[in-house]
Amino acid sequence: MVDNHSYSFFGQKVGLIIQSPSKSEPFIFFRLIKSKNDGSWEKPSSGEGKVIKFSLEEMVWIIQVLKKEVKSWSSFHSFKDRNTQIS
C-alpha cells in the first residue's frame, strides 16, 4: 500500500488535483489549474496554478457544508506567500 495519493478531476477550463502527502499527515492539498488560451494547461511543476492546504478539521467543515449540516463555512489561508479566502 502506498503512503501518498493523488486524484485528478478535469473540466473544460479548470482542473482540480487532490494530493495526500502521507496517510499519517492530518492534511491534504488541493491544486487548482486552468487551461490556457492555447489549449495547454498550467503546469504545477513550474509553480503555476494555486495550491490550498486543508487541515483535517477544515475537511470536516467542508463535508458538513456539502451534507447541508451547516449553512456555510469560511476560512483564510496563507501558503507560500499566497493568500486565499475559502468560503
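Leaving aside neighbours within four places in sequence, Ile-52 is in contact with Ile-28, Phe-29, Phe-30, Leu-32, His-77, Thr-84 and Ile-86, where contact means heavy atoms within 4.5 Å. The structure is a predicted model, in which local features need pLDDT of at least 70 and side-chain atom pairs count only at pLDDT 80 or more, while totals for chains, interfaces and linings use all residues. Residues are numbered from 1 along each chain as its sequence is written, and side-chain values use heavy atoms, with hydrogens and water left out.

Ile-52 also belongs to the largest nonpolar core, whose eight residues are Ile-28, Phe-30, Ile-52, Phe-54, Met-59, Ile-62, Trp-73 and Ile-86. Such a core is a set of buried Ala, Val, Leu, Ile, Met, Phe, Trp, Tyr and Cys residues joined through side-chain atoms within 4.5 Å; buried means under 20% relative accessible area, exposed over 50%, and partly exposed in between (1.4 Å probe, protein chains only). At least two residues of this core come from each of β3, β4 and α1 (56–66). Helices (H or I, at least four residues) and strands (E, at least two) are DSSP runs, numbered from the N terminus. In soluble globular proteins, nonpolar side chains tend to be buried together.

Six bridges join β1 to β2 (residues 14–20) in the antiparallel sense. Tyr-7 has Ile-18 in β2 as its bridge partner.

The model also contains two salt bridges, each defined by a side-chain nitrogen of Lys or Arg within 4 Å of a carboxyl oxygen of Asp or Glu. One joins the side chains of Lys-36 and Glu-48, at 3.2 Å from N to O. Both residues lie in the loop between β3 (27–34) and β4 (50–55), twelve residues apart. Lys-36 is partly exposed at 32% relative accessibility, and Glu-48 is partly exposed at 26%. Lys-67 forms a salt bridge with Glu-69, with the closest N and O atoms 3.5 Å apart; Lys-67 is exposed, at 56% relative accessibility.

Methods
Pairing = 2+ DSSP bridges.
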